[in-house]
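Reader: Can you walk me through this one? I'd like the sheet, the helix packing and the salt bridges.

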Amino acid sequence: MTTMENQPMRRTMAARAGVRAWAVGLPVLAGLLVAGPVHADAPRVVVSIKPLHSLVAGVMKGVGAPRLLVRGVASPHRHALRPSEARALANADVVFWVGETVEHFLVTTLEEAARARVVALLEAPDVRVLPAREGGVWKVRRSGRDHDHDHDHGHGHEDGHIWLDPRNAIAIAETVARVLAEADPGNAVRYRENAHDLAARLATLENELATTLSPVKRVPYVVFHDAYQYLEARFGLNAIGSVSVHTGRAPGASRLRELRREIVDSGARCVFREPQFEPRLVRTVIEGTGAAADVLDPLGADIPPGEDAYFALMRRIAGSLASCLSRNP
């Protein structure tokens with residue numbers, strides 16, 4: 001058979017092979033269509049602390065995963081940036097942080113991170129910001145002053161622990177979704193849907209926390225440092241002061257005497273320490289006062305990071321408060 005005579009047979013065999021390949025690929029194509037749209041590459045997102053990281057992870061669910069900077073028992077007030085963390089910031093498209101009132105270690109680095117869009121969530125729309133309190137014993141807390149309103153954002157005068165109010169968490173999620181939608185329009189619908197779902201979960205969480213804390217709302221207690229004002233204001237709790245006035249600095253003898261007197265006079269039932277700080281100071285404070293010691297952690301040092309970390313953190317804080325404050329004096 002000549003070469004010319006072989007050509008029709010070759011064309012027929014090739015056509016049959018093409019049909020077989022198309023038939024084999026059809027189920028794969030159908031599976032992709034059923035599985036839903038394929039999302040574009042997610043932006044590179046870096047988040048400073050675990051509670052914020054959890055909220056960002058919830059908004060990014062199904063698209064990508066943000067990078068967390070401060071892990072374990074490290075404190076954002078005194079964290080030292082590692083080379084790998086500096087590289088992550090240098091390569092980021094978006095960085096979320098509270099602001100300079102909390103993550104002091106990031107201020108200089110973020111000023112130099114010209115590539116990334118840096119979002120200070122303390123300044124996010126609808127986030128309720130409270131002024132920082134002064135002194136170890138908060139006389140203002142007992143004066144009946146109304147905390148249920150917004151305050152001007154004057155740098156250096158805000159309380160930066162905004163995440164400890166679930167309604168602030170909803171506002172944070174909404175801002176994160178908007179920023180990510182602008183950075184990544186291909187996944188904008190997914191970000192908005194995730195933020196909507198997250199808001200519903202957070203509203204349910206607020207009701208759950210209110211139920212847990214309601215029986216102990218009037219019981220006085222002392223915290224290690226003034227990190228919980230947003231929780232107190234949202235749920236009407238009765239914290240009377242903090243052991244440490246300046247983060248990382250031990251209180252003086254006169255401050256300790258004042259605090260011990262207030263614990264006795266008020267009948268404060270518990271003094272809460274934090275895992276990041278030395279517990280001996282709290283033991284000294286409660287000696288002879290009748291108050292018990294327990295632990296509160298505003299960051300969730302040992303909670304695995306991820307979209308559920310925020311919920312675990314808030315439930316743990318509420319559970320620790322309810323457990324210690326409900327004990328018999």
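Predicted model: local features only at pLDDT ≥ 70, side-chain atom pairs only at ≥ 80, totals over all residues.

Reader: Start with the open sheet of four strands. What is the strand order?

Author: The order is S2-S1-S3-S4, and the pairing is parallel.

Reader: Which strands stand at the edges?

Author: Strand S2 (67–68) and strand S4 (117–120). Each has a single partner strand, so one side of each has no neighbour in the sheet.

Reader: And how many bridges are there between S1 and S2?

Author: Two, in the parallel sense, with S1 covering residues 45–47. Valine 46 is opposite arginine 67 in S2.

Reader: Which strands does H2 lie across?

Author: S1, S2 and strand S3 (94–97), and H2 runs at about 145° to S1.

Reader: Moving to helices. At what angle do H2 and H6 pack?

Author: About 125°, with the axes 7 Å apart; H2 is residues 50–59 and H6 is residues 188–213. That angle makes H2 oblique to H6.

Reader: Which residues meet there?

Author: From H2, Leu55, Gly58 and Val59; from H6, Arg190, Tyr191, Asn194, Ala195, Leu198 and Leu202. The contact divides into six nonpolar residues, two polar and one charged.

Reader: Now alanine 116. Buried or exposed?

Author: Alanine 116 is buried, at 11% relative accessibility. It is found in the loop between helix H4 (107–112) and S4.

Reader: What is alanine 116 in contact with, leaving aside neighbours within four places in sequence?

Author: Ala92, Asp93, Val94 and Val95.

Reader: How many salt bridges does the structure hold?

Author: There are 14. One of them joins aspartate 93 and arginine 115, with the closest N and O atoms 3.0 Å apart. Aspartate 93 is in the loop between helix H3 (83–91) and S3, and arginine 115 in the loop between H4 and S4, so the pair ties together parts 22 residues apart in sequence.

Reader: What about arginine 234 and aspartate 165, buried or exposed?

Author: Both are buried. Their salt bridge has its closest N and O atoms 2.9 Å apart. Arginine 234 is in helix H7 (residues 229–235) and aspartate 165 in the loop between S4 and helix H5 (166–183), 69 residues apart.

Reader: And where is the partner of aspartate 302, arginine 316?

Author: Arginine 316 lies in helix H10 (residues 309–325). The N to O distance of that salt bridge is 2.5 Å. Arginine 316 is partly exposed, with a relative accessible area of 39%, and aspartate 302 is exposed, at 57%.

Key. Residues numbered from 1 in each chain as written. Heavy atoms only, no water. Axes fitted to C-alpha atoms, helices over the stretch in contact; angles between N-to-C directions. Parallel < 35°, antiparallel > 145°, perpendicular 65-115°, else oblique. Contact = heavy atoms within 4.5 Å. Nonpolar A, V, L, I, M, F, W, Y, C, P; charged D, E, K, R; others polar. Pairing = 2+ DSSP bridges. Buried < 20%, exposed > 50% of the residue type's maximum accessible area, 1.4 Å probe, protein only. Salt bridge = Lys/Arg side-chain N within 4 Å of Asp/Glu carboxyl O.
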